[in-house]
Structures are given as structure tokens and as C-alpha cells.
Amino acid sequence: MTLSHQIQDSEFPFKEIGNEGLTKQILRKGVTWQTPFSGDQVQVHFSGQVENGPSLESSYDKGSSFHFKLGQGEVIKGWDEGVATMKKGERAIFKIPPNLAYGEVGSPPLIPPNATLIFEIEMLCWSTIRDLTGDGGIMKKTIREGGGWATPKELDEVLVKYEARLENGMLIKSDKGVEFNVSDGYLCPAMSIAVKTMRKGEVAELSMKFFYGLISQNSNITNDELDGLPESNLISIKLELVSWKVVTDITGDKKILKKVNKAGEGHDRPNEGSHVKVIYLCKGEDGTIIERKGSKEELFEFTTQEEQVYEGLEKAIMTMKKEEQALVTINAEYLCDHSNLQGNKAHNNKIYYEVELIDFTKEKPFWKMDTQEKLEACEQKKHDGNLLFKAQNFTRASKKYEKAVKYIEFDHTFSEDEKLHANTLRLSCNLNNAACKLKLEEYTEAARLCTKVLEQDPLNVKALYRRCQAYLKTSDLEKAEADIKKALIIDPNNREIKLEYKELKLKQKEYTKYEADIFSTMVSKMN
């Protein structure tokens, strides 16, 4: 069957590619969504003819496919533009106008001047070639595509196979399974650069120039092995990314790192207030076991954000999925003081936790609660905050009050009685939180919370008193005086308010003297 007959028989119409007259008719759809990029090494079968003229060369007749580098001018322009639109397994017919073929000159004796050419092309496959550094220093050719879409990140630990050769083809180093952290690198600079562009199972050939192929100190090649080599600069590496373990920087400063040894289920993770079941083993830098919690028979259970486990460990566990297993590396400064660790912290800059998250139950979110549940949850968090305040744990108490207010933040579904109850709780929690902020020396935040109370209850003496305290600490003396005077009008016999008023007057006197001293100094300098 001629190409002309195939054009007539195809169920797909011709479509124009670009704006220079190139048209394409698909005979068979491809099996993937990807198309090759400029610079890729493509492999095709083809047959061609001059429109209304003789047949041209055919790779089918030769019994071997045709290879060329896409977009590099190795074929006529119509081929470069047309093949770039093809998917793996696709067959298509291209009508290539003279301006994208051999133009006014033609290619005697078969192709006359100004000839339109018709080609049937079958895309077999292609090898992706990338300049990874932009300077030609590392050229990567993909031999086998990897699976999925993810690629290793800077902190991840990769498992690779490789063969490293010199320019003369001499094999100097190979390994069928070596692990290394991407950020640390291995063998030569090109390894860590290339592996970050690869997907699981991908095989690639790296061609290197300049320092990218220099053998690094952690290459594990001995001086004896290097003796007699013509040079120590590698030219090519065949690299396979077998797998990798994800390493997460929990705090953003590399002081808590989590390496996933076994991926967990689903996407859910524990949040604040979750009931968590784990097994963990804590070791020092020398491998000494410091602590062991839980077992398959009796799991260790705790509630998150309740200071029941060490801060660094808890941060890591709250990023884990159900049944995930991980190695958590924690800087010693994140470890809370604890009798089990006191003797070990002095000897360890880092502590290692082998953790398995067996299961967890998340606290019911407020948007899933009915109005009564929201009020009850608010009261419970407020009660917890009060106990923590009495224990002088002001940071945790503040968080409890903040959480309590969130439960009743949106009260449009509340009845009138429930709204009154919610307003009372909101006022109390904000007042108590303001007291926490004063203790924590967060004076601006304390003033903001008191202002929220006064918006709800303008005559609230406690709010005026505590905001006055905050203003005194930030030297907003005029605002402090306005608050304390208003509080005295409302409650003239309040002893604490009277004492605060005396402190205000003393501070105003000190400030007046300070201003006078400044003015005196300025005048003396002028004289």
C-alpha cells in the first residue's frame, strides 16, 4: 500500500504543526504522554516518497531503525519539528513543504526543486540527553526510564549501582549496591548532581568534563588502586538509581532529621492532641542503648503536645504516617532534661531514635463538633490551662487557652444561651492568656488580648489592669495612665490597681527626669 492510500484510509484528519505548512496525520496513537525534547537521541522507522513522485529511502527495507539527535540539524527541519510531537509507539504521516525540506535546490536525482515530501514515521523510542550543569560538564543520557515522578532531594540517602571508566574505557571502580547521602556526595561531584535528576529504577550514562569527574576523598579508592592510572579524572559513569530513603529536615535547621526506613500508609499524620501508639529505641552516638519504650506486646502510648515525650522526638513523630518506620537524629539541645538522659547528654551531641508509629487517633476537629461538644471542649482546655498556669508552665498554659478559644471562634450556629456561655468562656480564656503573656514577657501580645476583652466588655477591670501592666513594660505611659484611671473609676478601692497607679506615677517621674537630663545635656553642648 502506498503512502497516498494510507492517507486516504486513516481515520484521523491531517493537522497543521506550527505555521510553516507542516501537517501531520496519525495512523496509530502512542502509548505514553511524553514526547522527546531537543537533544534527545531518537530511534525511528520510516518510509518516504515525493508527493506524486518516486519512493524514497525506507528503514523497513534496510531491516534496521534510524537514529538521530533531535533538534540538532541532523535531519531536514520538517523531521525535527514533526518527530518532536510524537509519542512512543506512535505512527504518523507527515507532509513536509519544500521550505522545511530541500527547498528550491532539491536533492537530485530523486527529489526535484520545490518538492513536497511525504514520510511515514514510527516512533520506537528515544534516549533523553541532558546538560545537567549548563556548561557541558555533565551530559546525562537516559538508558532506561525510571518509575513514578519523584526524584531524590539533597538530604535523601540513595542506593545506586555504578561503573566508572576512564577515557580509554578502563573500568576503575564499580559497585552493585552502595548507599550515600546526596548532600555528602560519593566518588565524584557528578554522582550527587545526576542522582537528583533520576527516578527510581532509572539507568543513565554520564559523560563528564572539567572537575565534575574528579575522584573525591570518599571514593573508597586506595592509593595503590590509583597508582598507574593515566589520570584520576573519570570520563563516564553508568549509573542506576535502585531506590532511596527520604530524609526530612523537621525543623529547617538540620537539627532534627527523619530518615524513612519503611513508608507508612495513607496521607494522614498525628496532630496536636492525637493519641499515639509507638515503639522506639534510643541510642547514643556510640550505639549504647539509652532508652527503650514499647514493644509489640505492650505499645507505648502518649498524647501529643502534652510534654509526655521529648520535644525533638515528638516533632518527628508528628510527621509520620501509620506503620511508618524511621530513624530520627536529634541534636542534644532539643532533648528535655530527663533522668534517663542526664548522664548521656554530656557525651552525645546527637541522639538516635529508631521509631515505629503503630497507630494514632486524632483529636476530633472543631468543625466536626456540634455546639455542645465545642463548649465542652473549650471548658476542658481552659481547665487544663488553669492547672498549667498554677504549675507555672506559662507557655503550655497559653497554648491551651488559645486552643480553647478556637473551639468557639465561630458561633453562628449557637443558640442565644450558648452564645452567652461562649462569650463568657472567650473573655475568661483571653484574660487568662494575657496573664500568661505578661509572665512570658510578651507584652504586646498581652495588650492585644486585653483589647479583645475590652471590645467585648469595656468595663472589665482585670483587662484594664493587665493592659496597663503591658503598657508600662513597653513605656506607653499615656495609654497606661488612661487604663489605670478608668479602672480606678470603676473600682476605686481595688488595692492592686492603686499600687499599679503608684508605679505608673513613679515611672512618669523617672521619665520626666530623664527628659530633663537629656535637655540639659543638649544645652550644655550648645554652649
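Arg-467 is buried, with a relative accessible area of 15%; buried means under 20% relative accessible area, exposed over 50%, and partly exposed in between (1.4 Å probe, protein chains only). The model is predicted, so local features need pLDDT of at least 70 and side-chain atom pairs count only at pLDDT 80 or more, while totals for chains, interfaces and linings use all residues. Residues are numbered from 1 along each chain as its sequence is written, and side-chain values use heavy atoms, with hydrogens and water left out.

**Salt bridges**

A salt bridge is counted where a side-chain nitrogen of Lys or Arg lies within 4 Å of a carboxyl oxygen of Asp or Glu. Across the whole structure, a search finds 32 salt bridges. Three of these pairs are listed here.

| Pair | N to O distance |
|---|---|
| Glu-57 and Lys-62 | 2.2 Å |
| Arg-467 and Asp-483 | 2.7 Å |
| Glu-481 and Lys-485 | 3.1 Å |

Arg-467 forms its salt bridge with Asp-483. This pair links distant parts of the chain, 16 residues apart: Arg-467 is in helix 12 (residues 461–473) and Asp-483 is in helix 13 (residues 477–490). Helices here are DSSP runs of H or I with at least four residues, numbered from the N terminus. Asp-483 is also buried, at 5% relative accessibility.

Helix 13 also holds both Glu-481 and Lys-485, which are four residues apart, or about one turn of the helix. The side chains of Glu-481 and Lys-485 meet in a salt bridge. Glu-481 is buried, with a relative accessible area of 18%, whereas Lys-485 is partly exposed at 39%.

Glu-57 itself is partly exposed, with a relative accessible area of 43%.

**A network and a buried lysine**

Some charged residues are joined in a group. Glu-306, Glu-307, Arg-396 and Lys-400 are linked in a network of salt bridges.

Lys-403 lies in helix 9, which covers residues 394–407. Its relative accessible area is 17%, so Lys-403 is buried. Which residues does Lys-403 touch, not counting residues up to four places away in sequence? Lys-403 touches Glu-272, Glu-363 and Lys-381, where contact means heavy atoms within 4.5 Å.

Notes: Helix = DSSP H or I, 4+ residues; strand = E, 2+ residues; numbered from the N terminus.
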